Amino acid sequence: MKYESVYIITDSLGRRGRVPRRMSIGLATILIVCVLWLAMTTLFGIVPSGRFPSPAETWSALVHVSGRGYGGGDLTLHVYNSLRLVVMGFLFAIATGVPLGLLMGWSRKAEAFINPIFLIIRPIPPLAWIPLAILWLGLGDAAKIMVIWFSAFVPSVINTFAGVRNIDRPVLEAAYMLGMPKFRFVTEVLVPGASPMIFTGLRLSLQASWTTLVAAELVGAFYGIGRVLNVAQQDLYPGMILVGMIAVAILGWGTTRVLGMAEARALRWNTAALAAKG
Amino acid sequence: MGVIRFQNVGKIFGPRGSGFEALKDINLEIGDKEFVAIVGPSGCGKTTCLRMVAGFENATDGVVSVDGTPIKRPGPDRAVVFQQFALFPWKSVYDNIDLGLRNLNVSSSERAQRIDAILNLMNLTQYAKHFPHQLSGGMQQRVAIARAYVLDPDVLLMDEPFGALDAQTRVVMQEELVRLARKNPRTVLFITHAVEEAVYLADRVAIMTRAPGRIKEVLDVASVRNAEDWDSHEKIEDVMDLESFVHLRTHIWRSLREEKAAQHA
């Protein structure tokens, strides 16, 4: 997990000079995939359109859902609903998960109390909570936020906890020596010290949020991208399914990007420290 | 004030009886503004002595006190300089030095004044806005010393502060510390395994035995230094060439070698 964060940070900031080149290679790859897609479906007809939609069918599905609407609303409404739920669930999860991780990392007593509960709950896949959530809270927003919370909560707790435990012992002792008041100790030592791992946790939490949201919407929803996917599946409408999938990909990428920008800002000291180490 | 006193101090890690006995019957008094170095074979518990004064460890037996008050917890009256610098990597040089003063609720104008003075004294002024990792090891340790000195502590505890530095940097830092200590004397407890360093810096050198560590001998370096006027020499190598220096160093070497030999037997 640590190495992943190292890679992404140096990628987006540390090697600024190479970014344009990397970007152009990335765009070229996407272009090649699109050409292959066109070739396989429209030009040579190797893949029948019932199995996988052609670019034209996908485009018409996009126009369909953006204009007339599909599955109970137009694209903006679905995107807005999904995005809103992910952001709410994610924020709710990290607002509870990060402080709990800090507490567990800081106090052995708290860890001893909380860890057993955690060990029992952790192996349950977040998606397994969906039926219970729907039973309790119905098909509305509340059930989805609860499920997202469950899935995003765990990585943020674990990584924050590990981050606190990873702070160098002498650095903590230096803080004790300087006579830090408690609140300042948390905000100026524990949180920044654990922040590289905290951000790793947030990234995993965000991914988990999207996964669970789409799954929860597939099970039952009035609006949202999962709802679009579900209806399109029942209608045997491959173009629309692909539109839904691409929409999730773009949203997931965009939100990760926003988080990455916040991370690069907050961890400027760490980026440079890692670069200095080589 | 800043009188450190070890009275019959013992330290056992783990349960009494089956644990590891690190220190036994330590008796040592370090006077106000006195610079005492402890040398000893590795694993003899010299760092544990320092950590007990700092408040990071508690004595199993006896009492460690500063100015008669037994030590319970760490505090800014006993500033520590760590071997691994232990700076806050997310804070600039300036903010690292500032943090202790903020905790002491020093007014902002006085803080700025004191930090500027210490930055100037340690030749750090142009690095105030740098992050620690942008500096060399020697510079980082300078920041750590500044962070400790700026608190104006009664007691300064230095745990092998130059152990992680290369030989050249080490010499420069030793000379600077002597200048600082003569200009601005503090009670200093200095842990090292480098014999020359101890003789060059300290007023007295305490030699410890192998574990369980005891104080074997305490040498009065200050009287020799004053009699032979070491401080008239500006460079460390000139002092190290003096016959009186060599004599003291060799004495300590022999004493430590005896301990080493006993360890292997």
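The largest nonpolar core has 124 residues, and within it Phe6(B) and Leu189(B) touch the most other members. A nonpolar core here is a set of buried Ala, Val, Leu, Ile, Met, Phe, Trp, Tyr and Cys residues joined through side-chain atoms within 4.5 Å. Buried means under 20% relative accessible area, exposed means over 50%, and partly exposed lies in between, with a 1.4 Å probe and protein chains only. The largest share of this core, 11 residues, is supplied by H9(A). Leaving out residues up to four places away in sequence, Phe6(B) touches Ile26(B), Asn27(B), Leu28(B), Cys49(B), Met52(B), Val53(B), Val63(B), Val64(B) and Leu189(B), where a contact means heavy atoms within 4.5 Å. A separate core of 11 residues includes Ala93(A), Ile114(A), Ala152(A) and Phe153(A). In soluble globular proteins, nonpolar side chains tend to be buried together.

The model is predicted: local features need pLDDT of at least 70, side-chain atom pairs count only at pLDDT 80 or more, and totals for chains, interfaces and linings use all residues. Residues are numbered from 1 along each chain as its sequence is written, chains are lettered from A and ligands numbered from 1 in the order in which they are written, and side-chain values use heavy atoms, with hydrogens and water left out.

Chain A has 12 helices and zero strands; helices (H or I, at least four residues) and strands (E, at least two) are DSSP runs, numbered from the N terminus. The C-alpha trace of chain A spans about 70 × 50 × 30 Å along its principal axes. Of its 278 residues, 44% count as buried. Among the contacts in chain A with a separation of 6 or more, 71% join residues 24 or more positions apart.

Next comes the interface. Chain A contributes 20 residues to the contact and chain B contributes 23 residues. Together the two chains bury about 1900 Å², 70% of it on carbon and sulfur atoms; buried area is the accessible area (1.4 Å probe) that two parts lose on being put together, summed over both. On the chain A side, Met177(A), Leu178(A) and Trp269(A) lose the most area to chain B, together 37% of what that side buries.

There are three salt bridges between chain A and chain B, a salt bridge being a side-chain nitrogen of Lys or Arg within 4 Å of a carboxyl oxygen of Asp or Glu. Arg102(B) and Glu188(A) meet through their side chains in a salt bridge, at 2.5 Å from N to O. The elements that give two or more residues to the side of chain A that touches chain B are H8 (169–177), H9 (182–219) and H12 (268–277) of chain A. H8(A) gives the most, seven residues.

In chain B, which parts of the structure cover the buried residues of H2(B)? The cover includes H9 of chain A, together with H3 (108–121) and H4 (137–149) of chain B. Eight of the 11 residues of H2 (residues 93–103) of chain B are buried, so this helix is largely enclosed by the rest of the structure. The buried ones are Val93(B), Asn96(B), Ile97(B), Asp98(B), Leu99(B), Gly100(B), Leu101(B) and Asn103(B).

Asn105(B) follows H2(B) and sits in the loop between H2 and H3 of chain B. Its phi is near 55°, a positive value in a residue other than glycine. Asn105(B) is exposed, with a relative accessible area of 67%. Asp152(B), also not a glycine, has a positive phi of about 55°. Asp152(B) is in the loop between H4 and strand S7 (155–159) of chain B and is partly exposed at 46% relative accessibility. The peptide bond from Ala211(B) to Pro212(B) is cis, with omega near -5°; Pro212(B) is in the loop between strand S9 (204–208) and strand S10 (215–220) of chain B.

Phe245(B) lies in H9 (residues 243–264) of chain B and is buried, at 0% relative accessibility. Val224(B), in H7 (residues 221–228) of chain B, is partly exposed, with a relative accessible area of 24%.
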